[in-house]
Amino acid sequence: MGAEPVNVNEFEELARQALPKMFYDHYSSGAEDQHTLKENVKAFQKIMIRPRILVDVSRIDLSTTVLGYKISAPIMIAPTARHKLAHPQGEVATARAAASCNTIMILSYMSSCTIEEVASSCNAVRFFQIYMYKRRDITAKLVQRAERCGYKAIVLTVDTPRLGRREADIKNKMIAPQLKNFEGLISTEFSSDDGSNVEAFVRNTFDASLSWKDIGWLRSITKLPVLIKGVVTHEDALKAIEVGVDGIVVSNHGGRQLDYAPATISVLEEVVDAVKGKVPVLFDGGIRRGTDIFKALALGAQAVLIGRPAVYGLAAKGEDGVKRVIEMLKNELENTMAFSGCPTLKDISRNHVRTQHGILH
Ligand code: FNR
């Protein structure tokens, strides 16, 4: 591709050209038939926008707040593992891009730069994502390190009692050590019969017995707000409120865990209706356009997270690539708001989207 990319999908193509096949496959693929992976994107295409005309849209304001922190647009960086596979500067580059766009990055537990390196790389609001380890002391240590380094919230990912069966990683015999946060704590080197050492790491260390009662434990070891990531039903949204979480992320892990889990945009409204505004609802899965963000906001999300788009930007052009991906999505969202008669995010309502029968459950 000679010309500069003009949208997120073109960044994906640049990333594919830049990366070794094993790493591109690791980032882009999903579990098993990859049905959920594809549906996350396709379900957006079944939602139409109902634009309103003759509204003064000479000034558009994209800014919003998440847990009280002001950000320039409702677009945050989802936690994704091992950014050094995409670019030598890894999460430090991603964090700097997020900071320069004045938005929040959620650093992954499985990052290839440490909590401390990312914290000292730039001044910005950051959250830290965790999985629950069998050894609670390891989880506690990481949470406390994040708190000490000024991260503002803990995001507990709850859709990973084991790793989704990602067949590309198995075939490629994906080897991905580089889990810098664990150095000096535990070994991250596990070998596997079926090829992917990512799966072996998860099987050996993640706690599959994690249940609702453990949220209380997590809350007891930190003063930070706790969000849970991986809710796709109203039943679980209600439970999450009951146990006192401070926020919910509607997510199916970008189609990498349970295949045939519903497309996240198809269940967002169900969760939002159950939550009734008690805590913020964030959203991820399949965001590739500003129109997608508009649709998620119309269905009640406070903000969206981008996973693969940020990684593709990083792989293609480092820090500048991540920044350009965020800026592209911001510009597209701004355009959508102008065309739809919504000068501020508060003006985007349920009435601005039309869903085909059967899309929302
Ligand atoms: C992820 N995701 C993820 N989630 C999480 O909670 N912790 C993690 O370490 C990771 N790692 C990770 C690696 C890669 C390569 C991908 C693609 C995804 C899931 C991520 O946070 C998010 O839910 C999805 O990526 C959102 O979907 P899109 O934006 O990629 O379509």
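Guide: Start with one cut-off. A residue counts as buried if 20 or more other C-beta atoms lie within 10 Å of its own. Exposed means 12 or fewer, and partly exposed is in between. Keep in mind that this is a predicted model.

Take arginine 256. It has 22 C-beta neighbours inside 10 Å, so it counts as buried. Arginine 256 sits in the loop between strand S9 (247-250) and helix H11 (264-275). Leave out residues up to four places away in sequence, and it touches Gly30, Ala31, Gly164 and Arg166.

One of those contacts takes us onward. Arg166 is in the loop that runs between strand S7 (154-157) and helix H7 (167-172). It is buried because 25 other C-beta atoms lie within 10 Å. UniProt, in an unreviewed entry, lists Tyr131, Arg166, His253 and Arg256 under "binding site".

Thr157 leads us into strand S7, where it is one of the buried residues. Both faces of S7 are covered. Ile154 and Leu156 are buried on one side, Val155 and Thr157 on the other.

S6 and S7 run parallel, joined by three bridges. Across that pairing, phenylalanine 128 of the model stands opposite isoleucine 154 in S7. S6 is mostly covered too: five of its five residues are buried. Arg126, Phe128 and Ile130 point one way. Phe127 and Gln129 point the other way.

One more step brings us to strand S5, residues 105-107. Three bridges join S5 to S6, and these two strands run parallel. Isoleucine 106 stands opposite phenylalanine 127 in S6.

Proline 79 ties these strands together in our tour. It lies in the loop between strand S4 (75-77) and helix H4 (90-100). With 26 other C-beta atoms within 10 Å, proline 79 is therefore buried. Set aside its neighbours within four places in sequence. Proline 79 then contacts Ile106, Leu107, Ser108, Gln129 and Val155. Ile106 faces phenylalanine 127. Gln129 is on S6, pointing the way Phe127 does. For a sense of distance, compare lysine 346. Proline 79 and lysine 346 are 267 residues apart in sequence, and 26 Å apart in space from C-alpha to C-alpha.

Finally, step back to the whole protein chain. It has 13 helices and twelve strands. The C-alpha trace spans about 60 × 55 × 40 Å along its principal axes. For 361 residues, a compact globule would have a radius of gyration near 21 Å; the chain has 19 Å, which agrees. Of those 361 residues, 51% count as buried. Look also at contacts between residues at least 6 apart in sequence. Among them, 71% join residues at least 24 apart.

How values were computed:
Residues numbered from 1 in each chain as written. Predicted model: local features only at pLDDT ≥ 70, side-chain atom pairs only at ≥ 80, totals over all residues. UniProt positions renumbered as here; feature names shortened; annotations may be inferred. Helix = DSSP H or I, 4+ residues; strand = E, 2+ residues; numbered from the N terminus. Contact = placed C-beta atoms within 7 Å. Rg over C-alpha atoms; globule rule 2.2 N^0.38 Å. Pairing = 2+ DSSP bridges.
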